Amino acid sequence: MSAEQPIAVSSEAGVLTLTLDRPDKRNALSRALIEALHAAVHDAELDPAIRVVVLRGAGRDFCAGADLAELLESADKPIAENERDALRLGELFLVLRRLPKPVAAVVRGNALAGGCGLATACDLVLAAHSARFGYPEIQRGFAPAMVLALLRRLVGERVAFDLAVTGRLVSAAEAHRLGLVSYVVPDSDLDAVAHAMMTQLAAASISALALTKKLLYDLDGLGIEDGIRLGARANALSRATPDFRRLVAKFLKK
């Protein structure tokens with residue numbers, strides 16, 4: 001890893017793995033790391049060979065949040081400049097949700113503050129049993145800002161308020177109960193389970209996955225009638241895809 005390459009990139013069988021590669025800084029979200037993730041996700045969207053994206057952290061933690069040294073340096077900058085800077089991380093959350101391919105976070109160790117937000121922005125979160133999650137920004141005189149838009153949707157107002165204003169860390173098991181985590185796996189099994197799950201996703205219909213993901217997030221804020229109409233549109237679009245014709249015909253031949 002160099003200062004210019006704060007992520008490690010690898011791919012296998014349609015699965016692109018982006019590893020936050022600042023283990024000496026607990027994979028803190030520097031500006032360079034955020035920009036590298038933007039670029040890698042953009043490339044993944046354009047590459048037809050990539051069907052699933054996985055985020056991981058090098059070393060013992062997934063991500064400890066924002067780079068505090070960079071944050072402290074920004075204290076004397078104009079509010080408008082800091083807002084633009086902060087928005088780059090917020091835009092990354094949106095990019096992950098808009099990517100028409102599944103994105104999974106595989107979490108060992110701590111996922112804190114913006115790092116927890118990064119995991120939350122993914123479609124799936126697989127956590128080692130010993131992993132911990134939380135938003136301790138309040139303990140640094142800092143507001144857990146962009147992450148609240150995601151957190152509130154996942155866990156509701158009361159739980160989001162509790163996590164944000166106490167800054168308490170929660171175990172993987174509690175994070176699962178709260179809706180922050182999709183699966184909790186024994187530490188020794190995490191890599192094998194993640195590999196099997198991502199391989200299975202990569203083998204699925206890419207058009208059906210894309211339509212399902214888009215529909216899920218487009219339902220935000222819609223009433224049930226509008227949601228059903230939107231679902232009917234997605235249903236009709238899926239019937240027009242080559243994958244639909246091929247896979248249904250294959251099933252009928254059994």
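Q: Which backbone atom does the side chain of Asp-67 reach?

A: A polar contact is a pair of N or O atoms within 3.5 Å; within protein, one must be able to donate a hydrogen and the other to accept it, and residues adjacent in sequence count only if both atoms are side-chain atoms. Here the Asp-67 side chain reaches the backbone nitrogen of Ala-69, at 3.1 Å. It also makes a polar contact with the side chain of Arg-22, again listed at 3.1 Å. This is a predicted model, where local features need pLDDT of at least 70 and side-chain atom pairs count only at pLDDT 80 or more, while totals for chains, interfaces and linings use all residues. Residues are numbered from 1 along each chain as its sequence is written, and side-chain values use heavy atoms, with hydrogens and water left out.

Q: Where does Asp-67 sit, and is it buried or exposed?

A: Look in the loop between β3 (52-57) and α2 (68-73). Helices (H or I, at least four residues) and strands (E, at least two) are DSSP runs, numbered from the N terminus. Buried means under 20% relative accessible area, exposed over 50%, and partly exposed in between (1.4 Å probe, protein chains only). Asp-67 has 9% relative accessibility, so it counts as buried. Contact means heavy atoms within 4.5 Å. Not counting residues up to four places away in sequence, Asp-67 touches Arg-22, Ala-28, Leu-29 and Ser-30.

Q: What about Asn-27: which backbone atom lies by its side chain?

A: The backbone oxygen of Phe-62 lies 3.3 Å from a polar atom of the Asn-27 side chain. Asn-27 is in the loop between β2 (15-20) and α1 (31-46), and it counts as buried because its relative accessibility is 0%. Setting aside neighbours within four places in sequence, its contacts include Asp-21, Arg-22, Asp-61 and Cys-63.

Q: What is worth noting about the phi of Arg-26?

A: Most residues other than glycine have a negative phi, and most peptide bonds are trans. Arg-26 is not a glycine, yet its phi is positive, about 55°. You'll find Arg-26 in the loop between β2 and α1, and at 30% relative accessibility it counts as partly exposed. Ala-113 also has a positive phi, about 50°, without being a glycine. Ala-113 belongs to the loop between β5 (110-112) and α4 (114-120), and it counts as buried at 9% relative accessibility.

Q: How do I read helix packing, say for α5 and α6: what are the angle and the axis distance?

A: Two packed helices are described by the angle between their axes and the distance between the axes. Axes are lines fitted to C-alpha atoms, for helices over the stretch in contact, and angles run from 0 to 180 degrees between N-to-C directions. Helix α5 (residues 146-155) and helix α6 (residues 157-166) pack at about 135°, with axes 7 Å apart. Angles under 35 degrees count as roughly parallel, over 145 as roughly antiparallel, 65 to 115 as roughly perpendicular and the rest as oblique. So α5 and α6 are oblique to each other. On the α5 side the contact is made by Leu-148, Leu-151, Arg-152 and Val-155, and on the α6 side by Glu-157, Val-159, Ala-160, Leu-163 and Ala-164. Those residues divide into seven nonpolar, no polar and two charged. For these classes, Ala, Val, Leu, Ile, Met, Phe, Trp, Tyr, Cys and Pro count as nonpolar, Asp, Glu, Lys and Arg as charged, and the others, Gly among them, as polar.

Q: And how do α9 and α10 pack?

A: Helix α9 (residues 206-218) and helix α10 (residues 224-239) pack at about 170°, with their axes 10 Å apart. That makes α9 roughly antiparallel to α10. Leu-211, Leu-215 and Asp-218 of α9 meet Leu-230, Gly-231, Ala-234, Leu-237 and Ser-238 of α10. By class, that's five nonpolar, two polar and one charged.

Q: Last one: what does Leu-180 touch?

A: Among its contacts beyond four places in sequence are Val-125, Tyr-135, Leu-151 and Leu-163. Leu-180 is in the loop between α7 (172-178) and β9 (183-185), and it is buried, with a relative accessible area of 6%. Leu-180 and Val-125 are 55 residues apart in sequence, but 7.6 Å apart in space, C-alpha to C-alpha.
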